[in-house]
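Here is a quick briefing to read alongside the model. Take a look at the fold before going through the points below.

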Amino acid sequence: EPLANRVLHRLLESAGLRLTLEEVMRAYIGRTRQGCIDLTEEKLGRPVPATFVADWNALLFETFRGELQPVPGIVDLLARLSVPHCVASNSSADRVRVALGATGLLERFEGRVFTADEVDRPK
């Protein structure tokens, strides 16, 4: 979330929405991508730029690939688990795949990743 919110903050500024990082975190954490777009358009009083989603993905995925790290101890914990486990996320499948790939965890969850793209009504 800290990396993703930093990226969103930067993108919102480029779209003309001036908020502090703290305001972005308060307003946007936990929302779906479409929920973030809807809120941004409401605050701007106009649609986001046509390239907003593509720019968001590009910047976010670049940031994840360069900076995202696994939670300390997670690799050992996953290796010791004796019960079935998966990843369930309110994020898009692409975002989850990039994040897991950047942290070296993707192969540990192959075939067991469930995202907001797969449900009619994400949280």
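Starting at the N terminus, the elements of the protein chain follow the order α-α-α-α-α-β-α-α-β. That gives 7 helices and 2 strands in this predicted model.

**Overall chain**
- Of the 123 residues in the protein chain, 35% are buried.
- Taking contacts between residues at least 6 apart in sequence, 62% link residues at least 24 apart.

**How H1 meets H2**
- Helix H1 (residues 2–14) packs with helix H2 (residues 21–28) at an angle of about 110°, and their axes are 9 Å apart.
- Because of that angle, H1 is roughly perpendicular to H2.
- On the H1 side, the contact is made by Asn 5, Arg 6, Leu 8, His 9 and Leu 12, while H2 brings Leu 21, Val 24, Met 25 and Tyr 28.
- Sorted by class, this contact of H1 with H2 has 6 nonpolar, 2 polar and 1 charged residues.

**The largest pocket**
- The largest pocket holds about 950 Å³ of space.
- Its lining has 39 residues, and those nearest the centre are Glu 1, Phe 64, Ser 89, Ser 91 and Arg 95.
- Elements giving two or more residues to this lining are H1, helix H3 (33–44), helix H4 (52–67), helix H5 (74–80), strand S1 (87–88) and helix H6 (93–102).
- H1 gives the most to the lining, with 5 residues.
- By class, the lining of the largest pocket has 24 nonpolar, 9 polar and 6 charged residues.

Note on methods
Residues are numbered from 1 along each chain as its sequence is written. This is a predicted model: local features need pLDDT of at least 70, side-chain atom pairs count only at pLDDT 80 or more; totals for chains, interfaces and linings use all residues. Side-chain values use heavy atoms; hydrogens and water are left out. Axes are lines fitted to C-alpha atoms, for helices over the stretch in contact, and angles run from 0 to 180 degrees between N-to-C directions. Helices (H or I, at least four residues) and strands (E, at least two) are DSSP runs, numbered from the N terminus. Angles under 35 degrees count as roughly parallel, over 145 as roughly antiparallel, 65 to 115 as roughly perpendicular and the rest as oblique. Contact means heavy atoms within 4.5 Å. Ala, Val, Leu, Ile, Met, Phe, Trp, Tyr, Cys and Pro count as nonpolar, Asp, Glu, Lys and Arg as charged, and the others, Gly among them, as polar. On a 1 Å grid over the protein atoms alone, a cavity is a set of points where a 1.4 Å probe fits but cannot get out, and a pocket is an open set with protein on both sides within 12 Å along at least five of seven lines; lining residues have an atom within 4 Å of a point. Grid points are joined across faces, edges and corners, and a volume is the space filled by probe spheres set on the points. Buried means under 20% relative accessible area, exposed over 50%, partly exposed in between (1.4 Å probe, protein chains only).
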